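I open this notebook to record, entry by entry, what I looked up in the structure. Each entry takes one topic.

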Amino acid sequence: MKVLKFGGTSVANPENINKVKSIVQKLDKEKVAVVVSAFGGVTDLLLNTSALAARQDTAYKESLKTIEDKHITAIRELIPVQNQSSALSKVKSDMNVLETLLEGSFLIGELTPKLSDKIVSYGELLSSYIISEFFKSEGLDAIFKDSRELIITDNNFGKANVNFEKTNQNCIDFFKENKHQIVVLPGFVSSSKSGDSTTLGRGGSDYTAAIIAGAVEADILEIWTDVSGMYTANPRLVKQAKCVAHISYEEAMELSHFGAKVLFPPTIQPVLGKGIPIAIKNTFDPENPGTLITKNTNGNGKTVRGISHVGNISLLSLEGPGMIGIPGISKRFFETLSLKNISIVLITQASSEHSICVGIADEDVDVAAEAVNETFEYEISTKKIKPVIVEKDLTIIALVGDNMKSHQGLSGKMFSTLGKNNVNIRAIAQGASERNISAVIKKDDVKKALNSLHETFFEENIKQLNLFVMGVGNVGSKFLDQIRQQKKYLKEELKLNVRVIGISNSRTMAFDENGIPLKEWETVLANGEKADKQTFFDRIKSLNYRNSVFVDNTASAEVSKTYADYLHNSISVVTCNKIACSSDYTYYKELKQLAKQYNSPFLFETNVGAGLPIIDTLKHLIASGDKIKKIQAVLSGSLNFVFNTFNDSVTFHDVVKQAQEQGYTEPDPTIDLSGVDVMRKILILARESGYELDIDDIANEAFLPKESLETDSNEAFFESLKKYENDFQKMYKEAANADSKLKYVAQFEDGKAKVGLQKIPKGHDFYNLEGSDNIVLFYTERYPNQPMIIKGAGAGADVTASGIFADIIRIGNF
Ligand code: ADP
Ligand code: ASP
Ligand code: MG
């Protein structure tokens, strides 16, 4: 004989119930017990309705009507008209009873656990009855049997304890006598010795099926639900979760105990001793093999089999100097909780015996705290023990696997994964069976913790990076193109799954939690909401994704002020915006420090030389123990263009104008021509070399006359260039006569930095620098005479975007 259980979603509507019928029909002549849940959502509805009645809210009537309609509709759609009458009148009469019960509750304004169980049992009683009638009308050899006549419990309403002796005998007797192929039974419901309706706890229909399977020693227990088996983590929260094909009873029990709702925790117990296998199958994909649960499986060589979590947990801690060495404190503590019928989900005790800490359901914690404080009233009054400390809104997250005990380093890996992702661990526990390592964390961190642990233990090195991109102009849009083009390569070759979750320009911003389709980012952004820097940050923070990266492609000082907030929340920052690194030294230092403290890189390779690997090289030189003695560089693409184009047959004015028109300078050309941009760049290199420098410490031997620098409009600026043309020609001639070229050079030596125009003689590394190229010479202890040279295009959207891209990959490898 087989026992099949169909959950709420599997019987949520006539369409699904037809799927159930097909599955049962396929069993041919084999004897089968079919245990069903209430129609999807009905248990919640019944509980809400009774809560309304108990609050003396007449809305309960409306709610009851919804319940009635749901069942009437099912009958009308499933059963042919000529056979409907008995089912319809059964529903009507049950509804009358329900109405009377609710009315009673409404009148006295109270709902006892006993009455609640009586009311809620109608969900399963009705669904099973209707399904049995439907089966019959389809020509199946089916009957209905009320589980309350078989499963006998104590009076612990809401979560009754089964009397197995009586129950097993009842089941054996009934199924021995039964001549029908299919018996349809309500899950969840049972009755006490005195004949009152009881229930087995939320999700308890699984248990009903297991109790019957155990009693009649069924060949198999099949749990039919809405997922294809037991997964490595809850598939609703972890997209990459995979079905575990074969798992042991103990592993399944741990996973369900720690929140894998797909199986009600006590379900394993009745079948375990008899070795009856459990299959978890999907009603909506019946061919999928799902999960098989049996005795020891050897874990197929794997250590961690699943990650589960249980929410709404509070920690209750008792501590104090008076606890050390005094026997019996734990006993009194646990006894107190047990007398209040409070179940403990997790226990930790420090080896110093200085404290005991337990995890219990949020809903129990107030009662528990009061009771424990009462028990230890004397010790608290004499200050030997402190009043209990309560922390609410926590979640337990657990790694489970039979083979974990024989492997070192798993807990280290677990905690470092959580630590790297800035998930704070409040308590830890490892079961003596070593089949489970649990950590208590904040509720808000659950999704991030589950996904990062899943990545570490199940995803063979695929790391997900979640990008939030601000600024989608020239550089930003090129960057998004590059990400799109390289997505496949990144995944296959570098094991990086890069997703862009949010984008913003100065007008609008848009988010997609599954990743913005990069082919259509422009449309997505155009249809986005109004842009706001603070909201952008708040959203990223509340999404709380692991490996989040904020990418700043703007040149905005305001945006650069937000970096600290990001780093503070373990969100890495990648920026081509120079302002943060070249403004106040203390801010630069703070950002670097935050990056270290929160394990989130702050990278800005493109601040100097666009895509050229200048800063990264400098970091490697220093990390390997080298010392920077001197840096000499041409770092301005704009000035390079100007001086490469300027000669005695053109005017300086015309060349600068051309540079401006062709986009080689900032819209305000004085920013480039004054050397400020170059000052910022050499300042960043000096700081990265380990020197504490500010922009005012840099000498700027300006080549422009003071008057030009102080103009207050572009027009006035260009006018002044005309006025000083002779001086510019003189500069050019002096250089040409000395067989030299003019280059705007930045230099850092002996802790001092300067920028200015220099005559570069033929043969010098700078002499042949073309167009807008940059060049940097690093003179170090290891490169004292022949410097290390980095040279190439130092401006342009494409190369800058590729520099940002390189920073993203660095974070991926972090
Ligand atoms: P039913 O109504 O069929 O009893 P449940 O809702 O009780 O179904 O259980 C199935 C649900 O359990 C899934 O939809 C999924 O959201 C949740 N779940 C949690 N953890 C896991 C897991 N590790 N594997 C599969 N499902 C899980
Ligand atoms: N209907 C009950 C509940 O929703 C029992 C079950 O479906 O397993 O909790
Ligand atoms: Mg369930």
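**Entry 1. A cysteine in a loop**

I looked up cysteine 243 and found it in the loop between β8 (220-225) and β9 (246-248). Helices and strands are DSSP runs, helices being H or I of at least four residues and strands E of at least two, numbered from the N terminus. The model is predicted, so local features need pLDDT of at least 70 and side-chain atom pairs count only at pLDDT 80 or more, while totals for chains, interfaces and linings use all residues. Residues are numbered from 1 along each chain as its sequence is written, chains are lettered from A and ligands numbered from 1 in the order in which they are written, and side-chain values use heavy atoms, with hydrogens and water left out.

I noted a relative accessibility of 31% for cysteine 243, which counts as partly exposed. On this scale buried means under 20% relative accessible area, exposed over 50%, and partly exposed in between, with a 1.4 Å probe and protein chains only. Leaving aside residues up to four places away in sequence, cysteine 243 touches Ser228, Gly229, Met230, Tyr231, Gly290 and Thr291; contact means heavy atoms within 4.5 Å. Valine 227 is 16 residues from cysteine 243 in sequence, and their C-alpha atoms are 9.1 Å apart.

**Entry 2. Positive phi angles**

I then turned to backbone angles. Aspartate 28 is not a glycine, yet it has a positive phi of about 60°. Aspartate 28 belongs to the loop between α1 (14-25) and β2 (32-36), and it is exposed at 55% relative accessible area. Serine 570, also a residue other than glycine, has a positive phi near 60°. I located serine 570 in the loop between α19 (563-568) and β23 (572-575). At 13% relative accessibility, serine 570 counts as buried.

**Entry 3. A six-stranded sheet**

In what order do the six strands of the open sheet lie? I read the order as β26-β28-β27-β25-β29-β30, with mixed pairing. Two strands pair if DSSP finds at least two bridges between them. β26 (698-701) and β30 (788-793) stand at the edges with a single partner strand each, so one side of each has no neighbour in the sheet. On average, neighbouring strands of this sheet are turned by 20° against each other, direction ignored. Axes are lines fitted to C-alpha atoms, for helices over the stretch in contact, and angles run from 0 to 180 degrees between N-to-C directions.

I followed one pair in detail: β29 (residues 773-780) and β30 are antiparallel over six bridges. Aspartate 773 has alanine 793 of β30 as its bridge partner.

Helix α23 (residues 637-645) lies across β25 (628-634), β27 (740-749), β28 (752-761) and β29, at about 155° to β27. Helix α26 (residues 676-688) lies across β25, β26, β27 and β28, at about 40° to β27.

**Entry 4. Salt bridges**

Side chains of opposite charge can pair when their charged atoms come close. I took a salt bridge as a side-chain nitrogen of Lys or Arg within 4 Å of a carboxyl oxygen of Asp or Glu, and the count is 35.

Aspartate 69 pairs with lysine 65, with the closest N and O atoms 3.0 Å apart. The two residues are four apart in helix α3 (residues 59-78), about one helical turn. Lysine 722 and glutamate 719 form a salt bridge at 3.5 Å, N to O; they are three residues apart in helix α28 (residues 714-723).

Lysine 114 and aspartate 196 meet at 3.6 Å, N to O. Lysine 114 is partly exposed at 40%, as is aspartate 196 at 23%.

I also recorded a network of salt bridges that links Glu605, Asp616, Asp807 and Arg810.

**Entry 5. The second largest pocket**

How many residues line the second largest pocket? I recorded 39, of which Val475, Ala555, Lys578, Glu666 and Thr800 lie nearest its centre. The volume of this pocket is about 1100 Å³. A pocket is an open set of points on a 1 Å grid over the protein atoms alone, where a 1.4 Å probe fits, with protein on both sides within 12 Å along at least five of seven lines; lining residues have an atom within 4 Å of a point. Grid points are joined across faces, edges and corners, and the volume is the space filled by probe spheres set on the points. At least two lining residues each come from α15 (474-494), α23, α25 (670-673), α26 and α30 (797-812).
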